[in-house]
Amino acid sequence: MMKAMKNSIKIFLGATLMILFSCSEDLLQRDPISSFSAQGFYQTSSDAQAGVYGIYDAVQATFSINFAYWGEGRADAVNTNQAGDPFLLQQNTLNSILASARWNNIYETISRANYAIKYVPTVFEGDSEFGIQLVAQARALRALSYFYAVRVWGDVPLILEPYESIQQDIFPTRTSKELVLNQIEADLLFASANCRANFGGQRDRILITKGGADAMLTHLYMWKKDYASAIQSAERVMNNNLYSLVTINDWSRIFTQGYTNESIFEIGYNEVQRNSLRILYALGSDSNFFPSVSFRNAFEEGDLRRDLIYDVTETQPRKIWKYFGQGFSDESPEPSDKNIVMFRLADIILLKAEAHHQLGETIEALQLLNIIRTRAGLPNLDIQGAIDLYGDVESAILHERLIELSFEGHRWFDLVRTGKAIEVMNPINGLNDEANLLWPIHEDALNRNPSLVQNSFYQ
Amino acid sequence: MSQININALFKFAGSQLVFRIRLLLLFIFIGSLSASAQESSIKGRVTDSKTGEPIFGAIVMVKGTSKGTSADIDGFYSLGNVSEQDILRFSYLGFETKELRVGNLSELNVSLESSTSDLNEFVVVGYGVQEKRNLTGSIASVSSKEIAQTNFQDPISVLQGRAPGVQVTSNSGAPGGGMTINIRGNSSLNAGNSPLFVVDGVPIETNVTSSLNGTENFGLNPLADINPTDIESIEVLKDAASTAIYGSRAANGVVMITTKRGKSGKPQVDLNIHSGISTVSRRLSVLNASQYRSAVIDSYRNANSNEAIIPAVLDSLSAVNNGDFDWQSELFRVARQNNVDFSIRGGSDNVRYAWSSSFFDQDGIILNSNYKRITSRLNVDFDVSDRLTIGQSVSYTNAVNNRSNAAGSGNLSIVRELLIRPPTFAMYLPDGSLNGYQLGRRNPVGLAELSTNINKSNRVIASQYAEYRIAEGLKFRSSINVDFVSMKEDTFIPTILDFREGYNTGSVRSSNNITWANENILTYQKQFGTSHNFGALAGFSYQDWKYERAGLDGLFFTSDNIRTLNGAGTISNQDVNIATEHSMLSYFGRVSYDYERKYLFEANIRADGSSRFGRDNRFGYFPSAAVGWRFSDEGVFSNANFMDDGKLRFSAGKTGNEAIGNYTSQGEFMVGTNYLDFSGASPSVMPNSGLTWETTTQYNAGVDLSFWQSKLIINFDAYIKNTNDLLYNVPIPRETGFDFITQNIGSIQNKGLELLISTRNLETKDFSWTTNFNISSNRNMVKSLPENVLTNGFIQNGAYHILKEGYPIGTFFGWRFDGVYASDEDNVNGITNGAQGPVYRGGDPIWHDLNGDGYIDQNDRQIIGNATPDFFGGINNDFTYKNFSLSLFFQFSYGNDIYSEINHQRNSIVRYNNLSADALNRWRQQGDITNYPKPVRDDPLQSMSRVQSRWVEDGSYIKLKNVHFRYSLPSAILNRWKISKLDAHITATNLITWTNYTGYDPDVNSFSGLRVGVDEGSYPQSRTIILGLNIGL
């Protein structure tokens, strides 16, 4: 018995050793289970779809609070009592440790888009329409990111390939903004041509469609002062039967409920994927921004939007009601689940009005302006009326944008685009240097990347 | 060979001695079974000199030969073939060895004195046991006796102050709360600094983290699952010679926990019960309601706020603001604890068993926090035949931890709310309901009483082995080990604590962590001639780790009374179902040789292959060697009769660290980056296929001395530990889309000295006094960091620390606080806050303008402290008088700084925070001379929030950590009652602390990795007094 046991042990030992030696490589190969290895993703069309939704996820994070810091914080519609970004932006004392000087989320979005743009086509055989539509969305979101980056920091590193190895140049330099703008145009033209016209239902508002690409193109051309192209793309938006202006009775719902027919692209949020709208606008004395005196005084008599935009019951209004509805008074500093409307039809109509005016087509400009004024319960303006009230037609349109698009993150870029930023802000905070119109690059970015040079004003 | 019945020997060996010792004896005996000549025979009886009881299994050897036998159950032995010149050597574990000449005697009765020195003890080493006196490595050990003197319910706490070179700090004073254990300094940047824990040979998983608020709650104690009463000994392997046999997981040392096993003979029944109470060890000052209101008004005024609004908190007539609370009084309580522990240990000829069970129930000092634990263990060994022994150790632990939320600065934190919640907030609303939510703050009493934050775990640690003695000195052992942890966690926050109507939230997580291993070891032990002892070991093992987690988060529960997720109106499923795995294949070996136990030599090697590393770098090789010289046996010293033993030892070797993410080298795409309901995925880890081990090379020199029959024992060790190829998450430009990439960079050095002195100061018939003292000093230094990871010459390591060449890990970096400007004019140089910021005025802090450029910015930061102690240790004094015994254990740490984040929190008003009573001395008007700056709403100049020397405090302390007073019933009474033991004891923990630190307790650590020495405001420590009874049958 002993001997048998001895032998069996020998056999067991020998066998185990052989097994262990022969398949040690397999024993030690462990692939991820709940995630993909870098090489293991982008195998199927559902991977491709998921990769693109992942870009939207980064977009949610990017604009959660920064749509207002970037688009409103430095402009005249808001005022603040809040230390940190709101105060420093409003006082025009920007520094390189501002939260809004970080571009981390923008580049994370770009990185995800670059992965999708490179790998989505590898999933599909030949020219799959679905694949091209996905790439078109990815390129549109990349363009959106770069468009903000260029407007906030000027020259920025232009990265069009995903980072997959430490051997790549991980210390990119800044690319001139003209080149970046050209890339944005190329991406948006591709998106305009290849995005889906519609998805059906609510998805038409929260995913990038052809209309969304056209709306972005309109903004891009206005920024580049290419007014004829802006008019063309705006026309495509206005002719798109997905979009129509809501009535003034439903105007509030554009923001409080979302998914209205006026919306072209809004970033979707929900109970778990939340943003900072409440903290930005709705906490009363503690919110980041409240309506400035000049903004409150800018309303024309009889403007039906006023009661919908801010708390008119207070002599010193502190709450912006626009996103939460008239009478909203909950002061809890919690995140919000409302969508953030990025582009809507009224915005594009007013941009088109501005473009016509720039090309001397004032009649067309006023026609478009009056569409928006009429809805707000205001009388039509003719040229003389515009001059009497606002000095000139351009100012009348800009004023209309100030009210109609208030707190939606357009005001600062409107001021910069039309060259009025210094004129408007100098009396408020002393802004007087063109170079100061850009943000500083965040200290952390400079520390991490020695190839970056700070914007001249902040050196 | 004929004289010794081998069967009987094996039976004796197996049946009498505890398992770990048996192994070694087997080596010795099997190695010594060679034939010899014969003369006459001798017999006799071996007894205990103290009790007169027979010593069953005492070893009787003919000196200089391999001839020997052992005493039977009545202590009798007989030995044939001895000559008159032979010297008999009588030995037994725990007794002094005695040598007597045979002469012309035919009967030789011997009484052995119980050993007071620990020199003859055996210690557990990697894959074996070793006689303590023959150690060549550096090993600290803590015995069951020492454990019994404490009231700690986990093995890590026991080590605090008792093992030289082992630094233990508390992350949390919560029942079952986390500890940080650090052996010979931090040797890793982010690959983990926790040692490897091995329980009865099973390497166990210690990364058992809570998946809900895990880090924010300062962790759980993964070893709280082991009942300390079950522990026979804890050994801490420190130098490379001791640890290298564990290779790639041994760079931070190895802690070996050995549980008690059965002995053949009459069953020993033990019942231990205790009950006790705990109170918070210290309370901190806060402002009362009127002092608080005045501070808030100051903060508004100082902010020059154009706000006309009077903050609601000032309205003392408002129903929600008319309170006046010290919230500590509302939340702290006198907490009780109870423990029952029952065991039966014994065995027959072929079977030995140790069976134990315990129930522990401890309330925390914060309302409603509680920890309950049931442990149960069975260790059995069977002798199947002369050659085969099989056995199993199984332990099962069920723990339910009702936790208090300590979550950082969030509004869920009970612990921070204790100190910073406005005293004015009312507890109840006029309608009698709880004031659950006010100004972004949840009511902490409501959180403690009404919310759920519970962690339930089940753990099985099991090991099954078979050991086959193939031939003389040669045996094979194979074991299968399993460590299985299943954890379920629930959280729930009821509607009343939320600001929204009908809005309640709940989460559930369920996780399984299973580690299994197969280990196969061949050992050989042989004595050649009379002087050459040779040993060898070869083995291989395969280990596999799997972790799975599933869970749900829900909102809008139908009722606050249904807290399971089926009651949720909305389910949000986010990153809660994941699985990861990891495997390791290892080959290891050891050879040892000694000549007359005078010249000792040992060498180890281990090869580890890990799935975590890239294909090309999978295997790492970890060799070590040690030599020892017992100089006391050399001629020069052999006449020095004041010295019993003297030994020098040296060791060197290499160990590794593989503690990185399971898939880091491959790169990762994470799923769950969803957009609304659309499933998304995105790149999350940038691949680096070149990743490999972190390796530590360690040199150790030591000396062990024993004087005057072990009245004075000194162990001294000096070491240098160099760690290279540090695994580090190197920050890279965010333009890449990634935050960092894990790389092997740089090196760290630890060097230190450890001294252990134990003395028997006084020994009379009735009275004895012994002292154990240990002190350790470790110097940690970052030796090199690659240029490309440095900014301004250093790496910012979290908010408070930097990593810089030439400086230790735990270096605090920030602004130097030089007091407060008494008036605007005091700022004569017009120093400004940042290049374009406002000029500092009266009441603002005076920051040291390091570079003298006239403004305070990032470049004015400097080193403001260091979290590592100059030295630390403990001293234990044991006094016995007749049947009374008293042990006083002091533990100390000297020269370490604490960054008191909690003091920042409780001195920073922000909006409505309450302040410490120090704020009564705040700057109020021009000309005030004080060290307390003016409170400013929102702190726009970061007066309080910037990392600053004001929050760095001396963390040195001495603690009367443990007092243990025991009365044992005299044996006369015991005999009459037919019981073997009846002891009553009082044990007090954390009785007195001498320190200058102003927080709750200087024994504090942050919860994560390298954030050493930061007091983040964890669950406070408590002072505990228990009464206990030990009964033995």
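The radius of gyration used here is taken over C-alpha atoms, and the rule for a globule is 2.2 Å times the number of residues to the power 0.38. Keep that in mind as we look at this predicted model, starting with chain B.

**Chain B as a whole**

For 1033 residues, the rule gives a compact globule a radius of gyration near 31 Å; chain B comes out at 32 Å, so the two agree. What is chain B built from? Its secondary structure comes to 12 helices and 53 strands. Buried residues account for 51% of the 1033 residues in chain B. Now take the contacts in chain B between residues at least 6 apart in sequence: 69% of these link residues at least 24 apart.

Let's zoom in on an open sheet in chain B. Four strands make up this sheet, in the order E39-E40-E41-E46, and the pairing is antiparallel. Strands E39 (795–797) and E46 (862–866) of chain B sit at the edges with a single partner strand each, so each has one side without a neighbour in the sheet. On average, neighbouring strands here are turned by 45 degrees against each other, ignoring direction.

Next, helix H6 of chain B, residues 289–302. Which residues of H6(B) are buried? They are Tyr292(B), Arg293(B), Ala295(B), Val296(B), Asp298(B), Ser299(B) and Asn302(B). After H6(B) comes Asn304(B), with a positive phi near 50 degrees.

**Where the chains meet**

Chain A brings 60 residues to the contact, and chain B brings 62 residues. On the side of chain A that touches chain B, several elements supply at least two residues each, including helix H1 (2–22), helix H3 (45–71) and helix H5 (104–123) of chain A. By class, that side of chain A has 29 nonpolar, 21 polar and 10 charged residues.

| Strand pair | Sense and bridges | Bridge partners |
|---|---|---|
| E1(A) and E33(B) (668–671) | antiparallel, two bridges | Ser37(A) and Glu668(B) |
| E40(B) (801–803) and E41(B) (811–814) | antiparallel, two bridges | His801(B) and Phe812(B) |

Conventions. Residues numbered from 1 in each chain as written. Chains lettered and ligands numbered in written order. Predicted model: local features only at pLDDT ≥ 70, side-chain atom pairs only at ≥ 80, totals over all residues. Contact = placed C-beta atoms within 7 Å. Nonpolar A, V, L, I, M, F, W, Y, C, P; charged D, E, K, R; others polar. Pairing = 2+ DSSP bridges. Buried ≥ 20, exposed ≤ 12 C-beta atoms within 10 Å, placed from the backbone. Axes fitted to C-alpha atoms, helices over the stretch in contact; angles between N-to-C directions.
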